[in-house]
Amino acid sequence: MRAVILAGRGQAEPRTGATLIRLAAHCRKAGVASIVAAGFLQHQRPSFGEALEQCIARGAREAVIVPYTLSLAKEDWADLERTVQRARQVYPHLALRIAEALGHHHALIEVLIQRVIEADYVAAHHMHHGRLTWPGWQKQRAIGLLIVGKGLPDIPAPLEEAITTCCPTATRYTAVRFYAADQDGETLKSSLQALIAQGCQAIIVAPYALERCRMTAPVIERAIACVSARYPEVTIIQAEPLAYDRRLITAIADRVRAAIDVS
């Protein structure tokens with residue numbers, strides 16, 4: 001019997017793990033595998049080892065490990081491989097495969113676009129009082145959009161094309177920029193200032209992340225506060241991270257199939 005383990009990095013904030021556990025339950029209901037469990041590599045429980053033991057207790061003879069992240073740095077990939085190798089030594093009868101990270105799957109891009117639209121819609125319908133204002137829902141070419149990622153070496157053409165052409169509200173965005181939080185030569189503040197230099201008086205910052213990251217989120221918040229103080233005439237809002245969405249099941253299922261096909 002095949003099992004799937006969604007392997008999260010784990011964070012010090014316990015509430016960040018709820019999405020992964022919920023997603024594992026829905027993957028099981030959707031038929032991704034007969035057994036689907038969630039496990040964390042650090043900080044949180046169930047640990048990866050506990051998730052693996054649960055799968056074996058339920059009759060698993062093989063398991064596909066799906067890293068629950070957009071990308072894995074070399075050191076993170078090496079840590080995961082070492083963890084899996086130790087598990088192979090403890091459970092030699094169990095076939096273990098590591099799938100690719102979720103990456104730039106089209107389902108994640110769809111969710112990102114939805115988060116942008118949600119933030120835009122709420123601001124357009126509710127932000128009309130006091131100093132902060134937002135362009136009306138029907139106004140075109142009125143908003144700057146900044147997509148913020150971390151650990152992503154490049155922005156794929158499908159993402160850029162989806163944002164600029166396929167997004168239902170694409171005509172509202174006069175300028176779109178992409179910022180990698182770990183790239184050299186540019187800061188988040190300079191990316192925001194570049195949009196302002198292009199004439200944007202309203203900006204959406206959209207984190208391209210599965211969950212709120214305790215390292216990246218404060219950086220985004222500080223940059224927004226700093227730029228807002230310098231340019232009080234500009235309104236900057238932040239979209240929610242991807243978080244839980246049933247479309248993520250499609251991305252997970254595709255990664256599982258690909259791992260099985262190459263084995």
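Predicted model: local features only at pLDDT ≥ 70, side-chain atom pairs only at ≥ 80, totals over all residues.
1. **Dimensions of α1.** The helix covers residues 18-30. That makes 13 residues. From first C-alpha to last, α1 reaches 18 Å, close to the 18 Å expected at 1.5 Å a residue. After α1 comes G31. The phi of G31 is positive, near 85 degrees.

2. **T19.** This residue lies in helix α1. T19 has a relative accessible area of 16%. The cut-off for buried is under 20%, so T19 counts as buried. Leaving out residues up to four places away in sequence, T19 touches Y68, E211, A243 and Y244.

3. **α1 against α8.** Helix α8 spans residues 247-262. Its axis and that of α1 come within 10 Å. They cross at roughly 70 degrees. Angles of 65 to 115 degrees count as roughly perpendicular, and α1 and α8 are therefore roughly perpendicular to each other. On the α1 side, the contact is made by L23, H26, C27 and A30. On the α8 side, L248, I249 and I252 take part. By type, the residues of this contact are six nonpolar, one polar and no charged.

4. **I252.** This α8 residue belongs to the contact with α1. Beyond its neighbours within four places in sequence, I252 is in contact with L6, L23, C27, V32, V66 and L102.

5. **The largest nonpolar core.** In soluble globular proteins, nonpolar side chains tend to be buried together. Here the largest nonpolar core has 54 residues. Which residues have the most contacts inside it? They are V4, L23, V66, L108, I204 and I252. L23 and I252 also take part in the contact of α1 with α8. α4 gives the most to this core, with 10 residues.

6. **Helix α4.** This helix runs over residues 106-126 and has 21 residues. It reaches 30 Å from its first C-alpha to its last, close to the 30 Å expected at 1.5 Å a residue. Its buried residues are A107, L108, I109, V111, L112, I113, R115, V116, A119, D120, A123 and A124. One of them, L108, is among the residues with the most contacts inside the largest nonpolar core. R115 and D120 are on the buried list too.

How values were computed
Residues numbered from 1 in each chain as written. Heavy atoms only, no water. Helix = DSSP H or I, 4+ residues; strand = E, 2+ residues; numbered from the N terminus. Expected span 1.5 Å × (residues − 1). Buried < 20%, exposed > 50% of the residue type's maximum accessible area, 1.4 Å probe, protein only. Axes fitted to C-alpha atoms, helices over the stretch in contact; angles between N-to-C directions. Parallel < 35°, antiparallel > 145°, perpendicular 65-115°, else oblique. Contact = heavy atoms within 4.5 Å. Nonpolar A, V, L, I, M, F, W, Y, C, P; charged D, E, K, R; others polar. Core = buried A, V, L, I, M, F, W, Y, C linked by side-chain atoms within 4.5 Å.
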